[in-house]
Amino acid sequence: MTNSKPGSAFEFLRGQRVDSLNLSVEEYLHRETGAQHIHLRSENPENVFLVALRTVPHDSTGVAHILEHTALCGSKKFPVRDPFFMMIRRSLNSFMNAMTSSDWTAYPFASQNRKDFQNLLEVYLDAVFFSRLDPLDFAQEGHRLEFSDPDNPDSTLEFKGVVFNEMKGAMSSVTSTLWHTLTKYLYPTTTYHFNSGGEPDCIPNLSYTQLLEFYRSHYHPSNAIFLTFGDIPVGELQEKIQALALSKFPRRDLQISVPDESRYLSPISVEEAYAFDEPGDTTQKTHIILGWLLGKSTDLLSTMEAHLLASVLLDNSASPLQKALETTDLGTAPSPLCGLDDSQKELCFVCGIEGSEPERALATEKLILDVLTQVVETGIAEEQVAASLHQLELQQREITGDHYPYGLQLLMTALTSATHRGDPIALLDLDPVLDTLRNNIKDPEYIKNLARKLLLENQHRVRLVLRPDPGLSARRLQAESVRLAAIKAGLDDEQKQSIVQQAQALQARQNHKDDESILPKVGLEDIRPEMAYVAPDERVDLPLPLTSYKAGTNGLVYQEIVLSLPELDDDLLELLPVYTDVLTELGVGYRSYLDTQLWQSRVCGGINAYASAQSRPENINDLRGHLVLSAKGLARNQAELSNLMQETLSGVRFDELDRIRELVAQRRARRENAITGSGHSLAMLAAASGFGPGARLANRWGGLKGIQSLKALDQSLNEPASLENLSEKLASIHRRIVESPRQFLLVGEEDKLAGYKSRLYSVFSLPEGDDFRPFAMADSNPQPVAQLWQASTQVNFCARAYATVAMDHPDAAPLTVLGGFLRNGYLHRAIREQGGAYGGGASQDSQSGSFRFYSYRDPRIEGTLEDFDRSLGWLKENKHEWQQVEEAILGVISAIDKPGSPAGEARHTYHAELHGRTREKRELFRNRVIQVSLEDLLRVADTYLVPVKASTAVITNPDRAQTLASLELDTFSL
């Protein structure tokens, strides 16, 4: 265990080895300021840093959120306009971000490169503790008044700002509106009553002076929590933190905290509305949920008991509450909020339905309370409780990190407890409390008592009805217009001129070229000479085609059955995502889907299927399709896990018609709810959909076309004949799938692989017959599209695409670098800083052979599309420096070299090679990226990015769509 060095600025408090995570946790206290430091000592070379401040807003102006943005816009040591985004492109980071929660603000980063880590540490510490907070940055990132024609005070007055538009987009999501409306009533007196991100109508109330006051009162080391992970010695980290920041501060008597919530004496019922901007009526568009306030998240045993109860009630379709919510006719699907939230000081449990009507509120509440009453009276089978506990154990043991650095996930786990001065070490070492729960569930009264105490007899309960209001958006826009008109009417000439001058000053600041040399950087010389590669342990063809990988999986095994996709009729091909969705959600053999769900929960940590059709790296028109059935579980369950996978393939039941109906409705709800969160991706898929069979199929399966088709399918299933027809088609797909050639993937710890293989060989066999006809799609020449999609959103998503080349083509590398070059040099400034969108950029997708521009949560449409085009003029007409090319190259290499989890890296390598992306091809592409020149960028832009060949796709609301006739876009409705 590492203790404090003599003379260290930090005092060692305690440490603990956590074997299940293969690391040691150490806690320190900064002697002078009282800052807390939690260090996770690991052999992992991906080092992670996070500094968090307790931030407790008392209104919905978004002060903590806007401060998070503004703090990153320049600091004492680095007085440049945008050091955060500048460092993104001067770095080999594997993660960089900043985030605002309801009661903390965090600044995390991760890197595998030691030099890069130290660079980022210096910039982050200066940004947090010595921020400049320029009023123009507040105007840009938060909110400002500006005339529609910035130089003309007679034009319309508008609100602008990045966070202002970001939150308009965030609150376009019904799920976000549902959550913030619930917390408003569930937490009537504490900070969670407010929207820490900011409500769009409240954000303009925040003054620059209030922002400064919040910074001075909250951004001090005495209110800070430092969390680190990795193999850099803790003493080295603390010396840097002390020298760069903490040595400059005296202790301040700060005790920022969230008080306990006042408790209701009896449940309350409320009804509110959300903006419904979709075409069509409001039938079955109401959300009805119940929320309970539970105990403190810092009480580890109570928190894990609440997790266990939530899992028992909702984990799968065999769980009593989940079953009731899925099968009831009161709504179309369980609410997306169902579950336990442990991210705040006091836990809350939520359940309910979507796709309902306001008058069904009482019946929905009765349904839920009746289920809870039954649980209290009759209990839950011990097998089902044990299965839920098994899921908690899996969550504790699994090494993740494929989408988010593993170390950062652990730090975030510790952060909630540390924020509220709990025990973060205990939260990371769950084995003792899992042992306690394992003993407690032997008592048949245990779950009964938890359900009674936490829910049934808990009077702090809110029933929320959130109904659709087609006129709400228009009224909000009208209220905003009236507010702005009143402000403008009250302005004298001097004040109007002040607004004009601010706009001019902001534009000048945005266009000013800062001296970036004051920022630290890495260069091409710091890139690893070779790409990391995970070699297979073994590849065999007999008795089964099996590829195995040895990896440090902490006692878990990962298995996949990879089946070649057969030739399918077009109507069956369109249904393939529905087929993969229901395959692991139906009964198998003699078991009903309820029995099968319990079996899954008992033996695995997840079983799912997906279809993949990818082009070969040498030809985007040459598609190869596969269906993948994957599962993971604890090593002790590998034999039964294999049996589950085999029976899923051999005996899935398509005769459970009601279940299929429920699953389609749930899939539709998930896809529709995700539009405002992934609108830029959906717009890019649509824009590229005319560029080849792969791009067309991607849009049909996972894009806007797919959502439109799914909605039509769901509506058609109200007729029994249509449901039976769907069942027959799904069964037809399955018959062809199971006759397809197959191969197997196995990932596990080295000492267990031999046993895993033996059990696989005993369970699985190969199909007979050799008349397999593989999936294929006809080649097609690129055809530009011009599409306008109408959805329920207060902001817009724009995309423009050009047909390019596949991965093997020598131009794929410079096109990939060009995306970062245009984003760094032009698009970020034009679309985000000046245009007010939350994000924007460009990227090459060699899978579809397309180069795509995009914007995210964007207040503009026409101006953004023009900026896409102007970026090409900027590229060709201006003189550029080599450093800009180098920064774009670093961004691409950083993405290529980004580490995943041990199992995730093995799976990624396997699937890359399955589709022809061999180690040699990927190394060649990586080397070509490193060798890209400015001349290459100019050449590929001239060759491929020709305006007359561009495709366009826009997502907006129906009212805004009516103003876009001049764009000549084909209009579609979701």
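The model is predicted, so to speak of a local feature a pLDDT of at least 70 is needed, side-chain atom pairs count only at pLDDT 80 or more, and totals for chains, interfaces and linings use all residues. Residues are numbered from 1 along each chain as its sequence is written, and side-chain values use heavy atoms, with hydrogens and water left out.

**The sheet**

Let us start with an open sheet of 6 strands, in the order E17-E18-E22-E19-E21-E20 and with mixed pairing. Strands (E, at least two residues) and helices (H or I, at least four) are DSSP runs numbered from the N terminus, and two strands pair if DSSP finds at least two bridges between them. Strand E17 (538-540) and strand E20 (606-616) stand at the edges with a single partner strand each, so one side of each has no neighbour in the sheet. From one strand to the next, the twist averages 20 degrees.

Inside the sheet, strand E19 (residues 556-564) pairs with strand E21 (residues 619-634) in the antiparallel sense over 9 bridges. Leu563 has Leu627 in E21 as its bridge partner.

Helix H20 (residues 576-583) touches E20 and E21, and its direction makes about 155 degrees with that of E20. Helix H32 (residues 902-914) touches E17, E18, E19, E20, E21 and E22, and its direction makes about 155 degrees with that of E22. Such angles run from 0 to 180 degrees between N-to-C directions, with axes fitted to C-alpha atoms, for helices over the stretch in contact.

**The cavities**

How many cavities of 30 Å³ or more does a search of the whole structure find? The search finds 2. A cavity is a set of points on a 1 Å grid over the protein atoms alone where a 1.4 Å probe fits but cannot get out, and lining residues have an atom within 4 Å of a point. Grid points are joined across faces, edges and corners, and the volume is the space filled by probe spheres set on them.

| Cavity | Volume |
|---|---|
| Largest cavity | About 40 Å³ |
| Second largest cavity | About 30 Å³ |

The lining of the largest cavity includes Leu294, Phe349 and Leu454, and H9 gives its largest share, 4 residues. This lining has 9 nonpolar residues, no polar and no charged. Ser297, Asp423 and Leu427 are among the residues that line the second largest cavity, whose lining divides into 3 nonpolar, 3 polar and 1 charged.

Note on methods. Contact = heavy atoms within 4.5 Å. 1 Å grid on protein atoms, 1.4 Å probe; cavity = no way out; pocket = protein on both sides within 12 Å on 5 of 7 lines; lining within 4 Å. Nonpolar A, V, L, I, M, F, W, Y, C, P; charged D, E, K, R; others polar.
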